[in-house]
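This report describes a protein chain through its helix packing and a few selected residues. The sequence and the structure come first, and the description follows.

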Amino acid sequence: MVGAGGVLGAAHIGAGYALERRGFVPDMIVGTSVGALNGAIAAAHPDRAAPWLDHVWTRLRRRDVYPLGYLSARTSVFTDRGLRRLIARAELPPRIEQLAVPFTAVAMDLVTGAPVLLDRGDRASALLADAAIPGMLPPVDRAGRTLVDGGVIAYVPVLAARQAGAAGVVVVATGPESSPPPPTVPRRRADAIAARAGLLLLHHQIERDLREVSRHIPTVVLPTGIEDWPAPWDFGHAARLIDTACRTAGRFLDELRVNGPGLYRVDDSSATCASPDTTSTTSTAGVGL
């Protein structure tokens with residue numbers, strides 16, 4: 001299961017390296033926002049996606065993904081031309097159901113606010129919709145619905161993974177939203193206050209969904225080890241994010257033991273794996289990356 005995060009999605013690749021090198025092949029992949037693009041490529045090449053993504057991400061620049069749009073369009077600050085080129089370069093099959101591993105992209109219906117699970121049909125429009133950050137990239141009309149980035153309501157789409165039938169999930173999450181926010185008071189400025197509120201909102205959404213799903217199935221959250229996160233549009237840090245996430249997730253996987261439903265992740269107060277029971281290992285069928 002691959003979460004949202006803009007350029008922070010480079011950490012997905014580091015975690016992907018760690019998984020691939022340990023022979024992990026997912027039974028299904030569920031992604032949202034940038035996680036949908038990374039996830040679709042992993043679904044097409046489940047055993048060798050990380051090197052390809054590494055090559056692409058470490059060469060990306062802001063203008064490649066977020067070219068300025070025309071003010072007359074009014075629907076977004078940037079056009080989706082760059083994203084369309086990036087998707088085309090991935091050389092994916094035209095339909096979602098043609099991917100080697102079952103794949104679901106989670107978008108949001110801009111009219112109703114409901115999550116929309118895209119697991120079949122046109123692949124390009126699904127990925128464009130799931131990356132359509134409201135106000136930043138244009139919404140996508142698909143099957144009579146106006147769709148935008150699913151990260152708005154499912155930043156880490158574990159609920160969708162369980163709905164799709166996963167018997168266990170491996171969560172590849174990114175960004176400061178995935179860790180407990182530091183107990184600091186923001187500066188008395190409008191942008192700082194808004195940023196702090198947004199961070200807390202996403203963090204609580206992630207925690208709520210993780211705890212709900214982990215009551216029923218094993219839920220493994222891979223750590224990235226990244227503390228200094230760049231701005232979502234600053235692609236110059238991709239190599240650092242990939243390397244750090246690869247090493248950190250790898251160490252975590254080497255020590256991981258899963259025994260039934262529960263939330264398996266690095267303890268917030270130590271470098272050990274926190275779980276209900278770490279005495280034995282079980283397989284995780286229906287895993288969403």
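## Helix α8 and its surroundings

In this predicted model, the buried residues of α8 pack against α7 (158-163), β6 (168-171), β7 (218-221) and β8 (262-266). Helix α8 (residues 190-214) has 25 residues. From its first C-alpha to its last, α8 reaches 36 Å, close to the 36 Å expected at 1.5 Å a residue. The buried positions of α8 are Ala192, Arg196, Leu199, Leu202, His203, Gln205, Ile206, Glu207, Asp209, Leu210, Val213 and Ser214.

Leu200 also lies in α8. Its relative accessibility is 31%, so Leu200 counts as partly exposed, given that buried means under 20% and exposed over 50%. Leu200 and Pro176 are 24 residues apart in sequence, and their C-alpha atoms are 10.0 Å apart in space.

## The chain as a whole

The chain holds 9 helices and 10 strands. Of its 289 residues, 54% are buried. Among contacts in the chain with a separation of 6 or more, 70% are between residues 24 or more positions apart.

| Helix pair | Axis separation | Crossing angle |
|---|---|---|
| α2 (residues 34-44) and α3 (residues 49-57) | 9 Å | about 135° |
| α5 (residues 81-89) and α6 (residues 123-130) | within 11 Å | roughly 135° |

An angle from 65 to 115 degrees counts as roughly perpendicular and one over 145 as roughly antiparallel. The angle of about 135° between α2 and α3 therefore makes these helices oblique to each other. Their crossing is right-handed. On the α2 side, Val34, Asn38, Ile41 and Ala42 meet Ala49, Trp52, Leu53 and Trp57 of α3. The residues of this contact divide into 7 nonpolar, 1 polar and no charged.

Helices α5 and α6 are therefore oblique to each other as well, and α5 passes α6 in a right-handed crossing. The residues that make the contact are Leu83, Arg84 and Ile87 of α5, together with Arg123, Ala124, Leu127 and Leu128 of α6. By class, the contact of α5 with α6 has 5 nonpolar residues, no polar ones and 2 charged ones.

Ala10 lies in helix α1 (residues 10-20). Because its relative accessibility is 0%, Ala10 counts as buried. Leaving aside neighbours within four places in sequence, Ala10 is in contact with Trp57, Ala238, Leu241 and Ile242. One of these, Trp57, is also among the α3 residues that meet α2. Ala10 and Ala245 are 235 residues apart in sequence but 8.8 Å apart in space, C-alpha to C-alpha.

Thr224 is found in the loop between β7 and α9 (238-255). Is Thr224 buried or exposed? At 11% relative accessibility, under the 20% limit, Thr224 counts as buried. With neighbours within four places in sequence left aside, the residues in contact with Thr224 are Ala11, Ala173, Trp229, Thr244, Ala245 and Thr248. Ala245, one of these contacts of Thr224, is also the residue whose C-alpha is 8.8 Å from that of Ala10.

How values were computed. Residues numbered from 1 in each chain as written. Predicted model: local features only at pLDDT ≥ 70, side-chain atom pairs only at ≥ 80, totals over all residues. Heavy atoms only, no water. Axes fitted to C-alpha atoms, helices over the stretch in contact; angles between N-to-C directions. Helix = DSSP H or I, 4+ residues; strand = E, 2+ residues; numbered from the N terminus. Parallel < 35°, antiparallel > 145°, perpendicular 65-115°, else oblique. Left-handed = near helix turned anticlockwise from the far one by under 90°. Contact = heavy atoms within 4.5 Å. Nonpolar A, V, L, I, M, F, W, Y, C, P; charged D, E, K, R; others polar. Buried < 20%, exposed > 50% of the residue type's maximum accessible area, 1.4 Å probe, protein only. Expected span 1.5 Å × (residues − 1).
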